[in-house]
Amino acid sequence: MIRRALVAVAAPLIAVAAIRPLTDGMARRLMAAPRTGPDETGIRAPLEALGGEVARLRARDGLRLAGRWLPAEAVEGGDWTPDPREAVLLLHGWTGSIAPDLVEHAPYLRRTANVLGLDFRGHGGSDDGPTTFGVLEVEDVAGALAWLGDRGVRRVALMGSSMGGVTALAAVVVLGDGRLTAADSDPDAPAAIVEAPRPRIVALVADSVPPELAIVVAGRMWVPFGHRFADRAFGRIGRTAGADPRATQPARTVPLLEDVPLLLINGDADATVPLRDALRLAALAPAGTRHLVVAGADHGAGHAADPGVYEAAVTDHLRAAFAMTRT
């Protein structure tokens, strides 16, 4: 009888003791994203075929970042003329560099605007840094916006897949869309320094983003209470990074986007972000948000599953947003 009582008392304590190492280990793995992904084998030739130039810039907090700048390409006889003051900032997911996304998306995006593909901190050719699912990556976006402003770009659309989409949504909420310059200014900056205006964010494309970050991890754990373990792991990231990534997860940021046009994209065969969760996020989005569901598409694979539908939706969305803000 006494033994049973001791076991009953000790079992919850043992479970709690086991959770901490599990979530700590999970958090460390999440923050140590691979610099290059398995799909980057043999990517150099098609990447170089795009042309453009390697970009070197700094995040707002000083880290050195890498990227690639691709000037727009007008289509002869087309009904759209790219404006040199407009650009698409392309943001990648958790694994690897921006190279595969550029090879896949830049050819059609360049027919609308200039394209800057960015390697987040700890990825590709950028400086080391923990992966934080939007908290610190917003600093990278801020640095990219400043770089674009120095190039004379005045209107920017953010396009990201998975973690890149999470960061794009968070960036608008954290940094502002650029219309209120006082909110973006540094009150401690010397008065003599004249900086280029920060571009205005005029549109968002978010592909395969979950309402809550824990969803993308819990779906791959196959253990009881996986969502709770994953959520605790993101909490551990917050204690390491100094800010909790759950504070800027899409369920919190999407309702705050107000009048920045948003296109959400999901695949109905996505096992990482199931369609039921994608629909929950779409229901939280402001009125006027477009939601493209690509039949048969897995996580981040909407373009591969149906290039024609995907490209038409993204192109129409971006051009409408750019055209609206040109005047």
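This is a predicted model: local features need pLDDT of at least 70, side-chain atom pairs count only at pLDDT 80 or more; totals for chains, interfaces and linings use all residues.
Contact here means heavy atoms within 4.5 Å. By that criterion, and leaving aside residues up to four places away in sequence, Leu-262 touches Leu-169, Leu-204, Ala-206, Val-254, Leu-257, Ala-285, Thr-289, Arg-290 and His-317.

Leu-262 is found in strand 7, which covers residues 262-267. Its relative accessibility is 3%, and the cut-off for buried is under 20%, so Leu-262 counts as buried. The C-alpha atoms of Leu-262 and Ala-203 are separated by 6.1 Å, although the two residues are 59 residues apart along the chain.

Leu-262 also belongs to the largest nonpolar core, which has 56 residues. Within this core, Leu-89, Val-141, Leu-158, Leu-204 and Leu-262 touch the most other members. Helix 5 gives the most to the core, with eight residues. A second core of 31 residues is separate and includes Leu-90, Leu-109, Met-159 and Ala-313.

Helix 5 has 13 residues, and the distance from its first C-alpha to its last is 17 Å, close to the 18 Å expected at 1.5 Å a residue. The helix is mostly covered, with 11 of its 13 residues buried. Among the buried ones are Met-163, Val-166, Leu-169, Val-172 and Leu-175. Leu-169 is also one of the residues touched by Leu-262. Together with Val-174 and Leu-256, Val-173 makes a nonpolar surface patch of about 240 Å². After helix 5 comes Gly-176, which has a positive phi, near 85°.

The whole chain can now be put around these parts. Its secondary structure comes to 12 helices and eight strands. Of the 327 residues in the chain, 51% are buried. Among contacts with a separation of 6 or more, 78% are between residues 24 or more positions apart. The chain exposes about 15500 Å², and carbon and sulfur atoms supply 57% of that area.

Charged pairs also join parts of the chain, and a search of the whole structure finds 19 salt bridges. In one of them, the side chains of Arg-236 and Asp-24 meet at 2.6 Å, N to O. This pair links distant parts of the chain, 212 residues apart, with Arg-236 in helix 8 (residues 226-241) and Asp-24 in helix 1 (residues 2-31). Both partners are covered: Arg-236 is buried at a relative accessible area of 19%, and Asp-24 counts as buried at 18%.

Another salt bridge joins the side chains of Arg-121 and Asp-61, at 3.0 Å from N to O. Arg-121 lies in the loop between strand 4 and helix 4, and Asp-61 in the loop between strand 1 and strand 2, so the pair ties together parts that are 60 residues apart in sequence. Here Arg-121 counts as buried, at 2% relative accessibility, whereas Asp-61 is partly exposed, at 39%.

Arg-319 forms a salt bridge with Asp-79, and their closest N and O atoms are 3.9 Å apart. Because Arg-319 lies in helix 12 (residues 307-325) and Asp-79 in the loop between strand 2 and strand 3, this pair ties together parts that are 240 residues apart in sequence. Asp-79 is exposed, with a relative accessible area of 76%. Elsewhere, salt bridges that share partners join Asp-83, Arg-85, Glu-86, Arg-155 and Arg-326 into one network.

Conventions
Residues are numbered from 1 along each chain as its sequence is written. Side-chain values use heavy atoms; hydrogens and water are left out. Patches are made of residues with over 30% relative accessible area and no salt bridge: like charges are joined within 9 Å, nonpolar side chains (Val, Leu, Ile, Met, Phe, Trp, Tyr) within 5 Å. Accessible areas come from the Shrake-Rupley method with a 1.4 Å probe; for residues, only the protein chains shown count as cover. A salt bridge is a side-chain nitrogen of Lys or Arg within 4 Å of a carboxyl oxygen of Asp or Glu. A nonpolar core is a set of buried Ala, Val, Leu, Ile, Met, Phe, Trp, Tyr and Cys residues joined through side-chain atoms within 4.5 Å. Buried means under 20% relative accessible area, exposed over 50%, partly exposed in between (1.4 Å probe, protein chains only). Helices (H or I, at least four residues) and strands (E, at least two) are DSSP runs, numbered from the N terminus. The expected span of a helix is 1.5 Å times one less than its number of residues.
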